[in-house]
Amino acid sequence: MRIRLTLRPAKGTFSLPRQYNEQIQGFIYRHLEEQLAAQIHNEGLLDPLGKRRLRFFTFSRLWGKWRAVNNEIYFFGPVQLVIASPMNSFLESLVTHLMRCRSLRLGDQPIGLEAIEVEMPVAPRRPLRVQALAPITVYSTFETAEGRRKTYYYSPWEPGFERLLLQNLARKARIWYGEEVPLEGRICPVKVSLRDKHIVKFKGTVIEGWTGVYELNLPPKLWEMAYHAGLGAKNSQGFGCIGIWEKK
C-alpha cells in the first residue's frame, strides 16, 4: 500500500535542514498509534535466518518548488510526500491520526494537510522502469587489516549493486511471506549519472545513495517488496522509495 500526502506551508513557505530525512521520519512516527510506533521503531520484524530487524516502510524526498540557502531548504507552495509499506495497519494508523490532527508540524514548522491519496496498485509487469524518489543505498561493511570497520558504498554500475539489491529483496520477502523466495531477476540502471549521487547525513552517519531511473525485471513477490518496502538498505530512514517512471 502507498499513500501520497500533499502538504501546504501554513505561511506560504517553510524551511527544513538540507538533511531532513530525520524530520520526515519523526513526522511519521509521531502520527502513528503510540503502541504501533513503538513496536515498529524498537522491534521491527526479525529475519529468522539472521539478526537483522526490518521496519518495512519507506518514504520519498519532498517534491515541489524549493530553493537551497546555506544549510536549509525553503519550500514554496504545496509539496508531496510518498509513504509506502506492505503493512496496511501502519498506513491506516498514519492516515487516521493525520486526519484527526487539527494542526501539524514538520520539524518545527507548522504545515497544513491538503490531501491524502491512496495510490492504485501496480501490476508486476516485466520489465518495469522506476524512478528513485529517494536515494537507493547499497553497501558492505568489512574489517580492515588494522581492525577498523569500514563501509563501502556501491555505485549502480558495479556488479555488487544489483547482487546486493536482489539479496536484500529476497530477505524482505522471506521475512514478510514467511518462506524462501527464489533469488532471481534483474535491476539495471537506465538513466543514471554522477549527478544522481547523493551524500546524506542521518543522525551523524554519512550515507551515500543514488537516484535516477532503473529497469526492474522481478518476479511478483520481489516486486511487491521493492515497490512497497523499498529498494536497498535503510528504507525507514528515507532511502530506496521508488515510483513508476513516466517518460516526459
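In these legends a residue is called buried when its relative accessible area is under 20%, exposed when that area is over 50%, and partly exposed in between. By this cut-off Glu-114, at 43% relative accessibility, counts as partly exposed. All views show a predicted model.

**View 1. Confidence along the protein chain.** The mean pLDDT of the protein chain is 92, with 97% of its residues reaching 70 or more. Confidence is lowest in strand β3 (residues 45-46), where the mean is 71, and highest in strand β5 (residues 58-59), where it is 98. Where pLDDT is low, the predicted coordinates should not be read in detail.

View 2. The structure holds eight salt bridges, among them the one between Arg-2 and Glu-119, whose closest N and O atoms are 2.8 Å apart. This pair links distant parts of the chain, since Arg-2 belongs to strand β1 (residues 2-9) and Glu-119 to the loop between β9 and β10, 117 residues apart. Arg-2 and Glu-119 are buried, the latter with a relative accessible area of 18%. Arg-4 also forms a salt bridge with Glu-119, again with the closest N and O atoms 2.8 Å apart. Because Arg-4 lies in strand β1 and Glu-119 in the loop between β9 and β10, this second pair ties together parts that are 115 residues apart in sequence. Arg-4 counts as partly exposed, at 25% relative accessibility.

**View 3. The salt bridge between Arg-8 and Glu-114.** The side chains of Arg-8 and Glu-114 meet in a salt bridge with an N to O distance of 2.4 Å. The pair links distant parts of the chain, with Arg-8 in strand β1 and Glu-114 in strand β9, 106 residues apart. Arg-8 counts as partly exposed, at 37% relative accessibility, and Glu-114 is likewise partly exposed, at 43%.

**View 4. Aromatic pairs.** The count of aromatic pairs comes to ten. In one of them the rings of Phe-14 and Phe-75 have their centres 5.1 Å apart and their planes at 20°, so the pair is stacked. Phe-14 is in strand β2 (residues 13-17) and Phe-75 in strand β7 (residues 72-84), so that distant parts of the chain, 61 residues apart, are linked by this pair. Both of these residues, Phe-14 and Phe-75, are buried. A pair with an edge-to-face arrangement is formed by Tyr-29 and Phe-57, at 5.7 Å centre to centre and with 90° between the planes. Here too distant parts of the chain are linked, Tyr-29 lying in helix α1 (residues 21-30) and Phe-57 in the loop between β4 (53-54) and β5, 28 residues apart. Tyr-29 and Phe-57 are buried. Phe-14 and Phe-75 form one aromatic cluster together with Tyr-20.

View 5. Leu-45, Trp-176 and Tyr-177 form a nonpolar patch on the surface, with about 230 Å² of accessible area together. Trp-176 is placed in helix α4 (residues 159-177) and is partly exposed, with a relative accessible area of 30%. Over the face of Tyr-177 lies Lys-221, at 4.9 Å from the ring centre. Ile-175 is also found in helix α4, but it counts as buried, at 12% relative accessibility. Ile-175 and Phe-56 are 119 residues apart in sequence, and their C-alpha atoms are 10.0 Å apart in space.

View 6. Most residues other than glycine have a negative phi, and most peptide bonds are trans. Phe-56, which is not a glycine, has a positive phi of about 60°; Phe-56 lies in the loop between β4 and β5 and counts as buried, at 4% relative accessibility. Lys-203 likewise has a positive phi, near 50°, but Lys-203 is placed in the loop between β14 (197-202) and β15 and is exposed, with a relative accessible area of 52%. The peptide bond from Arg-126 to Pro-127 is cis, with omega near 0°, and Pro-127 is in the loop between β9 (109-118) and β10 (128-132).

**View 7. The surroundings of Trp-210.** Trp-210 lies in strand β15 (residues 205-210) and is buried, with a relative accessible area of 2%. Trp-210 and Pro-156 are 54 residues apart in sequence and 7.6 Å apart in space, C-alpha to C-alpha.

Note on methods:
Residues numbered from 1 in each chain as written. Predicted model: local features only at pLDDT ≥ 70, side-chain atom pairs only at ≥ 80, totals over all residues. Heavy atoms only, no water. pLDDT = per-residue confidence, 0-100. Helix = DSSP H or I, 4+ residues; strand = E, 2+ residues; numbered from the N terminus. Phe/Tyr/Trp six-rings, centres within 6.5 Å; stacked < 30°, edge-to-face > 60°. Buried < 20%, exposed > 50% of the residue type's maximum accessible area, 1.4 Å probe, protein only. Lys NZ or Arg CZ within 6 Å of the ring centre and 35° of its normal. Patch = residues over 30% accessible without salt bridge, like charges linked within 9 Å, V, L, I, M, F, W, Y side chains within 5 Å. Areas by Shrake-Rupley, 256 points an atom, 1.4 Å probe, with all protein chains shown as cover. Salt bridge = Lys/Arg side-chain N within 4 Å of Asp/Glu carboxyl O.
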